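Work through the exercises below with the model open. Try each task before reading its solution.

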Amino acid sequence: MEFVYTNPIGLTDLEVLEVGTQACTPDTKFGPGVRDMYILHYVHSGRGTYSAAGQVEHVGPGMLFLVVPDTVHSYWPDPGEPWRYSWFGFTGQ
């Protein structure tokens with residue numbers, strides 16, 4: 001996992017909290033858990049699954065998924081084709 005940016009930039013309308021990228025191994029998993037920010041993920045390659053609010057979505061290259069604050073969610077790579085994604089974590093008004 002590589003964090004490209006992890007410090008707020010001081011804006012009020014959009015406050016960037018972190019930006020990073022990760023090439024997952026087949027056993028990487030987040031959740032179930034809750035975050036205190038929005039996190040927009042972009043899948044560069046591979047495949048994975050995102051689950052939140054009772055819905056399960058299969059995600060692949062060129063697709064996005066959004067983690068919403070204060071919502072229980074999980075996401076994990078496909079064991080046969082683990083994903084590589086970048087993310088942008090933010091809050092704001």
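**Exercise 1. Find the residues that form one aromatic cluster.**

Solution. The cluster consists of Phe30, Tyr50, Phe65, Tyr75, Trp83, Tyr85 and Trp87. The model is predicted, so local features need pLDDT of at least 70, side-chain atom pairs count only at pLDDT 80 or more, and totals for chains, interfaces and linings use all residues. Residues are numbered from 1 along each chain as its sequence is written, and side-chain values use heavy atoms, with hydrogens and water left out.

Step 1: apply the pairing rule. Rings of Phe, Tyr and Trp (its six-membered ring) pair if their centres lie within 6.5 Å; planes under 30 degrees apart are stacked, over 60 edge-to-face, and the rest tilted. The count is 10 aromatic pairs.

Step 2: classify one pair. Tyr85 and Trp87 are edge-to-face, at 6.2 Å centre to centre with 65° between the planes.

Step 3: check burial. Buried means under 20% relative accessible area, exposed over 50%, and partly exposed in between (1.4 Å probe, protein chains only). Tyr85 and Trp87 are both buried.

**Exercise 2. Which rings have Lys29 and Arg35 over their faces?**

Solution. Lys29 lies over the face of Trp76, 5.0 Å from the ring centre. Arg35 sits over the face of Phe30, 3.7 Å from the ring centre. Phe30 also belongs to the aromatic cluster.

**Exercise 3. Locate the salt bridge and place its partners in the fold.**

Solution. Step 1: search for a side-chain nitrogen of Lys or Arg within 4 Å of a carboxyl oxygen of Asp or Glu.

Step 1: name the partners. Glu81 pairs with Arg47, and their closest N and O atoms are 3.6 Å apart.

Step 2: Glu81 is in the loop between β8 (73-77) and β9 (84-91), and Arg47 in the loop between β4 and β5 (48-52), so the pair ties together parts 34 residues apart in sequence. Strands (E, at least two residues) are DSSP runs, numbered from the N terminus.

Step 3: Glu81 is partly exposed, at 38% relative accessible area. Arg47 is partly exposed too, at 40%.

**Exercise 4. Which strand gives the most to the nonpolar patch?**

Solution. Patch residues have over 30% relative accessible area and no salt bridge; like charges are joined within 9 Å, nonpolar side chains (Val, Leu, Ile, Met, Phe, Trp, Tyr) within 5 Å. Tyr38, Leu40, Tyr42, Leu64, Leu66 and Val68 form the patch, with about 480 Å² of accessible area together (Shrake-Rupley method, 1.4 Å probe). β4 (38-45) and β7 (64-67) each supply at least two residues. β4 gives the most, with 3 residues. Leu40 is in β4 and is partly exposed, at 31% relative accessibility.

Note on methods. A charge sits over a ring if NZ of Lys or CZ of Arg is within 6 Å of the ring centre and within 35 degrees of the ring normal. Helices (H or I, at least four residues) and strands (E, at least two) are DSSP runs, numbered from the N terminus.
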